[in-house]
Amino acid sequence: MLNLREVHSGYGPCEVLKSLSLEVRAGEIVALLGANGAGKSTTLLTIAGVVPVRAGEITWQGAPLPNGKADAVLRAGICLCPEGRHIFPRLTVLENLISGSYLLPSNRNAAKLEEIFGYFPLLAERRNQLGGTLSGGEQQMLAIGRSLMGEPKLLMLDEPSLGLAPQIVARIFEIVRLINRTGVPILLVEQNAQQALRIAHRGYVIVTGRNQLTGTGAELLASDEVRQAYLGE
């Protein structure tokens with residue numbers, strides 16, 4: 001579905017991605033691992049059209065993905081749930097969710113909201129509460145729910161467990177797996193490498209914007225290099 005071939009991108013004079021290649025196939029969860037500054041978030045922003053491709057190619061469903069055009073990428077069905085949640089703190093939970101559905105026909109909003117509330121019952125209970133008054137875990141649930149409101153064909157998640165309590169982290173990863181089981185492929189950037197690789201079909205490890213390792217989730221979990229660098233073993 002999604003292919004990056006020798007992609008270069010960055011900010012101003014700084015090149016962050018340096019000939020990066022990866023693939024997300026239909027129905028997969030693909031984990032993208034690496035140290036801080038390796039280029040993980042830049043990879044997602046480049047796919048999303050926020051950061052332009054300088055060299056190389058990104059294709060989506062066999063056709064070139066619009067370069068540097070975030071609105072066109074979103075309309076193509078690729079949605080990014082960014083690091084830091086970026087919800088609207090002065091809007092209610094319901095208003096935040098509806099804000100993610102502007103590409104969805106309005107007559108489908110009710111059904112989609114019920115689906116989101118099925119994943120996150122707490123959001124249903126707090127539907128009239130301001131987003132800024134939610135806990136960190138609840139805000140992360142809201143950010144993921146808002147991303148799902150547009151019925152993405154590919155969901156990209158950037159650090160969904162960052163700063164959350166262990167029990168909330170476990171719930172977030174459970175939801176990620178449930179979303180994937182509905183047929184939505186997921187590209188997951190996550191510092192919690194062990195949790196990510198446990199649910200991932202495949203994974204990539206990148207170092208300074210380049211591929212270093214790739215394999216199935218189980219293969220990378222068993223890799224001595226991954227265990228020492230990212231699993232603290």
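Which residues touch the most other members of the largest nonpolar core? The structure examined here is a predicted model, in which local features need pLDDT of at least 70 and side-chain atom pairs count only at pLDDT 80 or more, while totals for chains, interfaces and linings use all residues. Residues are numbered from 1 along each chain as its sequence is written, and side-chain values use heavy atoms, with hydrogens and water left out.

In the largest nonpolar core, which has 40 residues, those touching the most other members are Leu97, Phe120, Leu123, Ile144, Leu157, Ile179 and Ile186. A nonpolar core is a set of buried Ala, Val, Leu, Ile, Met, Phe, Trp, Tyr and Cys residues joined through side-chain atoms within 4.5 Å; buried means under 20% relative accessible area, exposed over 50%, and partly exposed in between, with a 1.4 Å probe and protein chains only. At least two residues of this core come from each of strand E3 (29-33), helix H3 (93-99), helix H4 (109-119), helix H6 (136-148), strand E7 (154-158), helix H7 (166-181), strand E8 (186-189) and helix H8 (193-199). Helices (H or I, at least four residues) and strands (E, at least two) are DSSP runs, numbered from the N terminus. H7 gives the largest share, six residues. Leaving out residues up to four places away in sequence, Phe120 touches Met141, Ile144, Gly145 and Ile175, where contact means heavy atoms within 4.5 Å. A second, separate core of 26 residues has Val24, Val30, Ile58 and Trp60 among its members.

Helix H1 (residues 40-47) is largely enclosed by the rest of the structure, because six of its eight residues are buried. These buried residues are Lys40, Thr42, Thr43, Leu44, Thr46 and Ile47. Just after H1 comes Gly49, with a positive phi of about 85°.

Attention now turns to one residue of a strand. Glu23 lies in strand E2 (residues 14-24) and is partly exposed, its relative accessible area being 24%. Beyond its neighbours within four places in sequence, Glu23 is in contact with Leu2, Asn3, Glu28, Val30, Arg202 and Tyr204. By comparison, Ala170 stands 147 residues from Glu23 along the chain, and 26 Å separates their C-alpha atoms.
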